[in-house]
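Hello,

Here is the structure I promised to pass on.

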Amino acid sequence: MSDAEVTRPMKILLVENHEDTLRWLTFYLEELGHTVVAARTLVEARAALASGQCDVLLCDIGLPDGTGWELLESAPRSRRLFAIAMSGFGMNADNGRSRAAGYRHHLVKPFKLAELDKLLAEAAQQGAP
Amino acid sequence: MRPRSEPADEVLAAIERERRRIGDQLHEKLCQSLAVLSIQVALLGRQLQAGKPVDKALETLGEAVQSSIDQAHAISRELQSPRLEGSELIDALRELAKGTATPCEFVCTEPVAVPAATSLSLLRIAEEAVRNAVRHAAAKKLTISLRATPRALTLEIRDDGQGLGSAPTVGHKLSGLALMHRHASEIQAKLEVRSQPGQGTVVLCTLPYRRPPRQSDRNDGP
C-alpha cells in the first residue's frame, strides 16, 4: 500500500498561481479523497486560511502578490495546520526561511508525487484522533 | 602594445542576466509542464487500476506531452546559434519581428548577403534591442529594418518606448547595450544608440559592405 492510500480524508488549502499545476494537483488530491480549497494569490490564501479550518496548507512560495512565507508569518500559529511549502528553489536559505515561517517541510519543485504522498500521510497521522 | 582588456562588468552582467532568464524559462515553463505531466500519469495509473475508461485522460496526456515538447523546442531554438548563410539573415530578422509580442514590423527592400558570422552578430544585436524595448522601455511598436548602400549595411531597430533616460552611446551603462556593443565590435561595426526620455530609442548598427553596383545607386552618395 502506498503512502497515498493510507491518508485519511483531509481539507487541504492549495495555494498555487500556475494554472495547470493548480488544476492537476487539485484533481490528484481529490482523487485521493481529500477536499481541496484553491487559492491563486496571497490575498486569496489569507482569506481562505481565515475562513476555514484546514488540515493541510500546500503553498507555493512565489505568489504574484507576495510570498508563501508572508502568508504564514502573518497568520495566527496553529498546531493543527500541517504546512508544506513548494518552491522552485531548494537552497538551504530557502529551506530555512520556510521552517522559520512555520512550514514543516519545503518541497522543491518539480517534486515527486511520492514525496507529497509521504508528507500527506504524516499530516494524516498527526491529526488522527 | 595595448594589453587585451578583460570583458567589461556590464557584459558579464548581461551574460548572467541571460543565464538567469533561460533558467527561469526552464523552471517556469518546462519544469512546471513536466511536473503536471507526472501528476497526469499518476492519475492515469489510478484510473487504470480502478478499471475506469482512460480514453479522455490519454488524449489530455498526449496534448500535455506535445506542449512540453513545444516548450523544450522553443527554448532550444533560442539557445542555438544558427548558421545564417547568404540571405538567411533576412528570414531570421523577419521571424524575430513575427515572434515579438509587441507589434513589430520588419522592413528590407532588397536581398542582402553577408557572411554567417556577421549575420549572427547582427541577429543578436536585433534580439537584444527588441528585448530591451519590450521589457524595459514598454514599447508599443517596433520596427526592424535592414538596408544596404553600395558601401554600408545598416541594421536599425526603432521603438516608441520610454527611452533610456540618457543616451549612453559610448559609456553604455546598461548591460544590454554593453552586449550589443560587444557583438558590434566582433564584426567591426559601429553601434549608435539614439534615445531621449519618452521619445523611444533607435539602435543603429552600421558596417562596411560591398553591394553590387546598381543603376539607382547614383543618387545614394558615398
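**Helix α6 of chain A**

On the face of α6(A) turned away from its buried side sit the exposed residues Ala114(A) and Gln125(A). Exposed means that 12 or fewer other C-beta atoms, placed from the backbone, lie within 10 Å of a residue's own; buried means 20 or more, and partly exposed is in between. Helices are DSSP runs of H or I with at least four residues, strands are runs of E with at least two, and both are numbered from the N terminus. Buried in α6(A) are Leu113(A), Leu116(A), Leu119(A), Leu120(A) and Ala123(A). Seen down the axis, these buried residues fall within an arc of 125° (taken from the directions from the helix axis to the C-beta atoms), so they line one face of the helix.

A word on the source: this is a predicted model, in which local features need pLDDT of at least 70 and side-chain atom pairs count only at pLDDT 80 or more, while totals for chains, interfaces and linings use all residues. Residues are numbered from 1 along each chain as its sequence is written, with chains lettered from A and ligands numbered from 1 in the order in which they are written.

**Between the chains**

The contact (C-beta atoms within 7 Å) takes 12 residues from chain A and 12 residues from chain B. Helix α2 (residues 19-31) gives the most to the chain A side, with 7 residues. Ile39(B) touches Trp24(A), Leu25(A), Tyr28(A) and Leu113(A), leaving aside residues up to four places away in sequence.

**A loop in chain B**

Pro111(B) lies in the loop between β1 (104-107) and α4 (116-136) of chain B. Pro111(B) is exposed, because it has 10 other C-beta atoms within 10 Å.

Best wishes

Notes:
Two residues are in contact if their C-beta atoms, placed from the backbone, lie within 7 Å.
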